[in-house]
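Subject: Structure handover and notes

Hello,

I am passing this structure on to you, together with my notes on what I found in it. Have a look at it first, and then read on.

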Amino acid sequence: MHFLYMKAEQVTLGLFLTLQTLLHEMIHYYQRLRGTSDIDHGATFHFHMERINRESGANITVYHDFDQEYESLKRHWWKCNGPCAQVVRRLADRTPGSKAHKRKCGGDFIKVQEPKRMRTGL
Ligand SMILES: [Zn+2]
Ligand SMILES: [Zn+2]
């Protein structure tokens, strides 16, 4: 029975962590949606993180190994040549850029890094 209890607790903890990862990712998603320049864990992120933690009793942190792993898979990088100097990393070779960004910043996204194997055909 003790063994079963442990398993249940681990499952609960797993769900709890999944929820927090989800909330964490939702903040990033919201930031991207709003086109804020601090995509990583800057002032905007902390503002939402603290608000959600306070209101929901969750314990969102700025750390997420899963996301770090996921981020490392994003080998296509672009950097904005405008005043916001935003860096966007993507899994696929799709140049970022939105009307909102163009209006606010005016810069263009320039490819700064891509997977090495992409260059072998040149
Ligand atoms: Zn994050
Ligand atoms: Zn920009």
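What pattern does the protein follow when read along the sequence? The answer is α-α-α-β-β-α-β, with 4 helices and 3 strands in the protein. Please keep in mind throughout that this is a predicted model.

Confidence

The average pLDDT of the protein is 79, and 71% of the residues score at least 70. Among the elements, helix α4 (residues 99–104) has the highest mean pLDDT, 94, while α3 has the lowest, 62. Over residues 118–122 the pLDDT stays under 50, and the model has 0 contacts beyond four places in sequence for that stretch. Where pLDDT is low, the predicted coordinates should not be read in detail.

Burial and contacts overall

Buried residues account for 6% of the 122 residues in the protein. As for contacts between residues at least 6 apart in sequence, 44% of them join residues at least 24 apart.

Now to the strands. They form an open sheet of 3 strands in the order β2-β1-β3, and the pairing is antiparallel. The edge strands are β2 (87–90) and β3 (109–113), each of which pairs on one side only. On average, neighbouring strands of this sheet are turned by 30 degrees against each other, direction ignored.

Strand β1 (residues 76–80) pairs with β2 over 4 bridges in the antiparallel sense. On that side, Lys79 has Val87 in β2 as its bridge partner. The pairing of β1 with β3 is also antiparallel and also runs over 4 bridges. Here Trp78 stands opposite Lys111 in β3, and Trp77 has Gln113 in β3 as its bridge partner. As for cover, 0 of the 5 residues of β3 are buried, so β3 is hardly covered.

β1 and β2 form a hairpin with 6 residues between them. Is Ala85 buried or exposed? Ala85 has 11 other C-beta atoms within 10 Å, so it counts as exposed.

The helices

Just after α2, Gly57 takes a positive phi of about 80 degrees.

Next comes Ala58, which is found in the loop between α2 and α3 (65–73). Ala58 counts as partly exposed because it has 16 C-beta neighbours inside 10 Å. Leaving aside residues up to four places away in sequence, Ala58 touches Gln20, Leu23, Ile52 and Asn53.

Where does Gln20 sit? Its place is in helix α1 (residues 2–34). With 17 other C-beta atoms within 10 Å, Gln20 is partly exposed. Again not counting residues up to four places away in sequence, Gln20 touches Ala58, Asn59 and Ile60. Gln20 and Thr61 are 41 residues apart in sequence, and 8.2 Å lie between their C-alpha atoms.

Where to look

- the hairpin of β1 and β2, with Ala85 in the turn at a positive phi of about 50 degrees;
- the contact of Gln20 with Ala58, Asn59 and Ile60;
- residues 118–122, where the pLDDT stays under 50.

Enjoy looking through it, and do write back with any questions.

Best wishes

Key:
Residues are numbered from 1 along each chain as its sequence is written. Chains are lettered from A and ligands numbered from 1 in the order in which they are written. This is a predicted model: local features need pLDDT of at least 70, side-chain atom pairs count only at pLDDT 80 or more; totals for chains, interfaces and linings use all residues. Two strands pair if DSSP finds at least two bridges between them. Helices (H or I, at least four residues) and strands (E, at least two) are DSSP runs, numbered from the N terminus. Axes are lines fitted to C-alpha atoms, for helices over the stretch in contact, and angles run from 0 to 180 degrees between N-to-C directions. A residue is buried if 20 or more other C-beta atoms lie within 10 Å of its own, exposed if 12 or fewer, and partly exposed in between; C-beta atoms are placed from the backbone. Two residues are in contact if their C-beta atoms, placed from the backbone, lie within 7 Å. pLDDT is the predictor's confidence in each residue, from 0 to 100.
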